Amino acid sequence: MAGGLELEGVSVKRGGLTICRDISFVAPEGEITVLLGANGAGKTTLLDGITGVASAVSGAISLDGRRIDALSVHRRARHGLAYVEQGRSVFTRLTVAQNLAVVDGSDQVLDHAIELFPNLEARLRVPAGRLSGGEQQMLLIARVLATRPRFLIVDELSLGLAPGVVRTLIDTLARLAEQGMGILLVEQFAEMALSVCTRVHIMQRGRIVRSERREALMHDRASLLSPYFLGGEHA
């Protein structure tokens, strides 16, 4: 693989239980790879295992051809892996500019954040706690990107947000992928995620049960997006 994220036979534990078993897939650079599945399928646990938040007890995790599964969370981040976690919050008492400066106080970071999310420009001196939910998610993504990652993992981008805001965020991720960044996205707005991704992996009960390129799945959207397929028994 030229670049990106690769998992080979990865199993992840949480609370002493093995939640994800024998997960293998590739998420290339310059593409959006989507991970779909019902609540409780193990998606967040898998992302936590990839980033080191949870324990990957077997298998190999590689980024740009280098094994990272033995590295700490911070060393994985320094290697270029960034994670927008579900439920992560902004520093509510700090302004938007100060939230970004926590990572990097340069004008370049501010300029990049405004380029990605023009709505933030008028809010730079506003405490982040006064932002809308969509603006806070924009700030979170901009803050993570200030670390200059090579690969971005996003868990539940749309959580609690209006569809129009989600569309803006999804389009931003698409632009980042066009610029060469690899992205692994967990998203409940499946139709919207499918509109920009190249590859899809579907999880049930801690395992990958289907992996396809987007084009192949678009002919089978009825079964793909049905609650039964995402949450029921193995097909």
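pLDDT is the predictor's confidence in each residue, from 0 to 100. This is a predicted model, and its protein chain averages a pLDDT of 90. Two residues, D69 and V102, are the focus here; each lies in a loop.

**Confidence**
- In the protein chain, 91% of the residues score at least 70.
- Over residues 227-235, however, the pLDDT is below 50.
- That stretch still has 22 contacts in the model beyond near neighbours in sequence.
- Where pLDDT is low, the predicted coordinates should not be read in detail.

**Around D69**
- D69 sits in the loop that runs between β5 (66-67) and α2 (73-78).
- Its side chain makes a polar contact of 2.6 Å with the side chain of R67.
- Leaving aside residues up to four places away in sequence, D69 touches G59, A60, I61 and R76.

**Around V102**
- V102 is placed in the loop between α3 (96-101) and α4 (107-116).
- V102 counts as partly exposed because its relative accessible area is 49%, and the exposed class starts over 50%.
- Not counting residues up to four places away in sequence, V102 touches F91 and L94.
- L36 is 66 residues from V102 along the chain, and the C-alpha atoms of the two are separated by 32 Å.

**A surface patch**
- V102 also belongs to a nonpolar patch on the surface, together with F91 and V103.
- The accessible area of these three residues together is about 240 Å².

Technical notes:
Residues numbered from 1 in each chain as written. Predicted model: local features only at pLDDT ≥ 70, side-chain atom pairs only at ≥ 80, totals over all residues. Heavy atoms only, no water. Helix = DSSP H or I, 4+ residues; strand = E, 2+ residues; numbered from the N terminus. Polar contact = N/O pair within 3.5 Å; in protein donor to acceptor, adjacent residues only side chain to side chain. Contact = heavy atoms within 4.5 Å. Patch = residues over 30% accessible without salt bridge, like charges linked within 9 Å, V, L, I, M, F, W, Y side chains within 5 Å. Areas by Shrake-Rupley, 256 points an atom, 1.4 Å probe, with all protein chains shown as cover. Salt bridge = Lys/Arg side-chain N within 4 Å of Asp/Glu carboxyl O. Buried < 20%, exposed > 50% of the residue type's maximum accessible area, 1.4 Å probe, protein only.
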